[in-house]
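Q: I'm new to this one, so let's take a close look at a single part.

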Amino acid sequence: MSHAPVAGPAPMPAPSNPVLALLARALGLLNGVIVVAASIALVLACVILSHSVVVRYFLHQPTYWQDEAAVFLLVGATFLSAAYVQSRRGHIGIEAFASILPAGIDRLRRLLIDVASLAFCAFFAWKSWTLLHEAWVDGQVTSSTWAPPLWIPYAAMTGGMALLCLQIALQVALWFDRGRA
């Protein structure tokens with residue numbers, strides 16, 4: 001018995017609107033750069049945590065910055081790469097209806113899900129912005145000995161959610177542009 005790879009989602013159709021086409025290309029390039037940076041951040045987080053384990057276990061030395069540095073890298077990688085994942089419709093979704101619905105109804109279902117997702121993500125981006133602003137103005141830091149500023153992860157959250165909103169809004173605009181996004 002052979003196993004074929006699971007086919008990914010169909011690529012987004014080329015927009016007929018030149019502004020949407022430019023936005024789609026620009027966002028695609030930015031997402032590509034962010035995915036490379038996020039991949040590097042994940043590897044760095046692994047290296048930092050492995051270093052922390054070795055230093056604590058074999059050298060019996062305390063570590064005070066490694067856990068937070070790894071968490072900051074993971075937060076950045078997670079939030080900033082969300083738009084890339086959305087561009088490939090790779091987020092968790094229930095596709096049971098997609099296979100049984102007629103194509104036109106399934107496109108409408110995807111539009112409604114995108115609109116609801118955009119509303120949620122816009123709220124999350126706004127709340128992330130308020131956390132970022134508060135951390136920046138008040139000079140908030142973590143409670144650890146290292147005490148890095150909290151605006152760093154909040155900036156990653158805010159930027160990532162803003163990019164995700166832009167990606168979803170682009171998908172909604174493409175639905176209206178071609179009715180096929």
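Which residues are buried in helix 1?

A: First, a bit of background: this is a predicted model, where local features need pLDDT of at least 70 and side-chain atom pairs count only at pLDDT 80 or more, while totals for chains, interfaces and linings use all residues. Residues are numbered from 1 along each chain as its sequence is written, and side-chain values use heavy atoms, with hydrogens and water left out.

Now to helix 1 itself, where Leu20, Ala21, Leu27, Asn31, Ile34, Ala38, Ala41, Ala45, Ile48, Ser52 and Val55 are buried. Buried here means under 20% relative accessible area, exposed is over 50%, and partly exposed is in between (1.4 Å probe, protein chains only). Helices are DSSP runs of H or I, at least four residues, numbered from the N terminus.

What do those buried residues of helix 1 pack against? They sit against helix 2 (66–80), helix 3 (82–87) and helix 5 (151–178).

As for its length, helix 1 has 41 residues, which at 1.5 Å a residue should span 60 Å. That expected span is 1.5 Å times one less than the number of residues. The end C-alpha atoms are 59 Å apart, so the two agree.

Valine 54 also belongs to helix 1 (residues 18–58), but this one is partly exposed, with a relative accessible area of 41%.

How values were computed
Helices (H or I, at least four residues) and strands (E, at least two) are DSSP runs, numbered from the N terminus. Contact means heavy atoms within 4.5 Å.
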